[in-house]
Amino acid sequence: MAPPVTATKGIQASADGLSSYTARMVQTKDIDRLAVRRQFARRAGRLAQANFLLREAESQMLSRLDLIKMTPASIVEIGSGLGDGLLALRKRYPEASLLGVDVAEPLVRHARQRLSPPADGFLARLLDSTVRRRQPLASLAVADGAQMPLRDNSAELIWSNLCLHWFDDPVSTVAEWHRIIRPDGLLMFSMFGVDTLKELRAGGAELMQFHDMHDLGDALVAAGFADPVMDMSIIKVAFSSADKAIEDLRSMGGNALLSRRKGLAGREQLRRWRLELSQLRDKDGAIPVTFEIIYGHAWCPSRKRLPGGLQPVEFHRRPAAD
């Protein structure tokens, strides 16, 4: 597989267009949430072979975090997967309380094993002193990121890498994240954008809907976040064969459309996929596939908006007259 080629452009979202937001709500009603859970549970053992996009997006998110001056005491990662993001966050914030949440129980079980403290001895001595400890490096839970089993205002940093596009209603999901974030807390996330897999879509493949970067900025403002900053990168991945492309794309989550064919893909469907992908070969014989990755971060205001869009009201005693 050839190394990815990236190109980046950026935009800062504004709250001025909030009144027109209701005309273009971000929805993905074709997503089967139960299928998302089942597909990632079924592919837990194969996710590591295709997590190069996760690691690239994670690297970009960490570089953006370098520009933000904060030392969060409590961090929640939504869509924690195999635990790589939690390990990176633990190294950066050794004193923070970390919680990883994922909808797929096999992924949580795998991450829990990775994050368990090593036995005393040679392996333990190899660990950086900032992460050497006897308790697990992070807590983990099986939960739906759109319905979190957490109290209000319980996280200073919410971190989510290539996860938000798997929710059937990103607007209500972001609102749920706003519920659990503390005032002055930070949300940082990445997700697939509209041009992801555009070559397959052009070839007639039935794919889930991906969202526009500007709509996500509006969704953050609608949920109550402030100063959202959005940017994106285009990554071209060159696959050596159609079978390799199919294998890796399946490992990334597979097809969770409500309209998908139930059961295993038949030979005829696999033949069509191979044919469509093979027709994409470039002059070097590789099969290029596009991934658009959206990056976003936003702050929770110091005066956090209450549920239902209400704002807290403060009463101040009138100064005494001279």
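Which residue forms a salt bridge with Arg114, and how far apart are the closest N and O atoms?

1. The partner is Asp84, and the closest N and O atoms are 3.2 Å apart. Arg114 sits in helix 4 (residues 105-114) and Asp84 in helix 3 (residues 84-92), so the pair ties together parts that are 30 residues apart in sequence. Asp84 is buried, at 18% relative accessible area. Arg114 is partly exposed, at 35%. Note that this is a predicted model.

2. Helix 2 (residues 52-65) holds another pair, Glu58 and Arg55. Their salt bridge brings the closest N and O atoms to 2.8 Å. The two are three residues apart, so about one helical turn separates them. Glu58 is buried, with 10% relative accessibility. Arg55 is partly exposed, with 24%.

3. These pairs join up: Arg55, Glu58, Asp84 and Arg114 are linked in a network of salt bridges. The structure holds 15 salt bridges.

4. Helix 4 also carries Arg109 and Glu105, four residues apart, about one turn of the helix. Their side chains meet in a salt bridge at 2.5 Å, N to O. Arg109 is partly exposed at 41%. Glu105 is partly exposed at 37%.

5. Check the backbone at two positions. Most residues other than glycine have a negative phi. Leu162 has a positive phi, near 50 degrees. Leu162 is found in the loop between strand 5 (155-161) and helix 6 (170-180), and is buried at 8% relative accessibility.

6. Asp227 has a positive phi too, about 55 degrees. Asp227 lies in strand 7 (residues 226-239). Asp227 is exposed, with a relative accessible area of 54%.

Methods. Residues numbered from 1 in each chain as written. Predicted model: local features only at pLDDT ≥ 70, side-chain atom pairs only at ≥ 80, totals over all residues. Heavy atoms only, no water. Buried < 20%, exposed > 50% of the residue type's maximum accessible area, 1.4 Å probe, protein only. Salt bridge = Lys/Arg side-chain N within 4 Å of Asp/Glu carboxyl O.
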